[in-house]
Amino acid sequence: MSDDDLIAAARGAAANSYSPYSNFAVGAALLFADGSVVTGTNIENASYGLALCAETVAVSKAMADGARGGLVAVAVTGPGEMPITPCGRCRQVLNELAQLGGTDPAILCVGPDEVRRTTLAALLPEAFGPASLV
Ligand code: THU
């Protein structure tokens with residue numbers, strides 16, 4: 001799958017964002033080694049601090065369906081004027097799934113005019129993960 005296709009999947013997911021409090025619709029799309037894609041979007045709550053980020057929702061969907069690795073790329077889209085980068089908590093959540101499968105996924109941080117392509121290891125260096133516990 002191309003970067004553009006993965007980004008389109010993330011944008012599509014953002015159409016289902018439930019973000020009435022921030023009005024900041026985020027989409028995430030996870031690409032796996034077998035070619036499958038799992039999407040997520042942010043889900044907010046009247047108790048504001050309980051908002052779930054798009055990336056965390058996507059990882060939760062994937063793991064609930066049995067994924068335990070194979071994460072090769074992640075696209076994140078937002079409505080802002082800058083490429084959106086995953087928040088700190090989402091970096092840690094993504095790291096759990098990535099480290100289980102021994103991959104360092106590409107992270108596509110999508111803005112209106114620019115896609116910043118980085119890696120999870122660059123965004124979360126020296127990460128604590130499942131390998132740290134053995
Ligand atoms: N948000 C995400 O979905 N992913 C991130 O990585 C950053 C922030 C959401 C949370 C909240 O619903 C809205 O964006 C504004 O912070």
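**A strand pair, a helix and a ligand site**

Ala28 stands opposite Gly40 in S2. The model discussed here is predicted, so to speak of local features requires pLDDT of at least 70, side-chain atom pairs count only at pLDDT 80 or more, and totals for chains, interfaces and linings use all residues. Residues are numbered from 1 along each chain as its sequence is written, and side-chain values use heavy atoms, with hydrogens and water left out.

S1 and S2 run antiparallel and are joined by five bridges; strands are taken to pair if DSSP finds at least two bridges between them. Strands (E, at least two residues) and helices (H or I, at least four) are DSSP runs, numbered from the N terminus. Four residues lie between the strands in this hairpin, where Gly35 has a positive phi near 90°.

Helix H1 spans residues 3–14, 12 residues in total. From first C-alpha to last it reaches 17 Å, close to the 16 Å expected at 1.5 Å a residue, the expected span being 1.5 Å times one less than the number of residues. Leu6, Ile7, Ala10, Ala13 and Ala14 of H1 are buried. They sit on the same side of H1, because they cover an arc of only 115° around the axis, as given by the directions from the helix axis to the C-beta atoms. Buried means under 20% relative accessible area, exposed over 50%, and partly exposed in between (1.4 Å probe, protein chains only). The packing partners of these buried H1 residues are S1 (27–32), S2 (37–41), S3 (71–77), S4 (106–110) and S5 (115–119), with contact meaning heavy atoms within 4.5 Å.

Backbone angles deserve a look too. Most residues other than glycine have a negative phi. Asn23, in the loop between H1 and S1, has a positive phi near 50°, and this residue is exposed, with a relative accessible area of 63%. Glu126, in the segment after helix H4 (120–123), has a positive phi near 55° and is likewise exposed, at 82% relative accessibility.

Turning to the ligand, the residues around it are Ser22, Phe24, Val26, Asn42, Glu44, Cys53, Ala54, Glu55, Thr85, Pro86 and Cys87, a residue being near a molecule if one of its heavy atoms lies within 4 Å. A polar side-chain atom of Asn42 is 2.9 Å from a ligand oxygen atom, while an N or O atom in the side chain of Glu44 is 2.5 Å from an oxygen atom of the ligand. For Ala54, a polar backbone atom lies 2.9 Å from an oxygen atom of the ligand.

Key
Polar contact = N/O pair within 3.5 Å; in protein donor to acceptor, adjacent residues only side chain to side chain.
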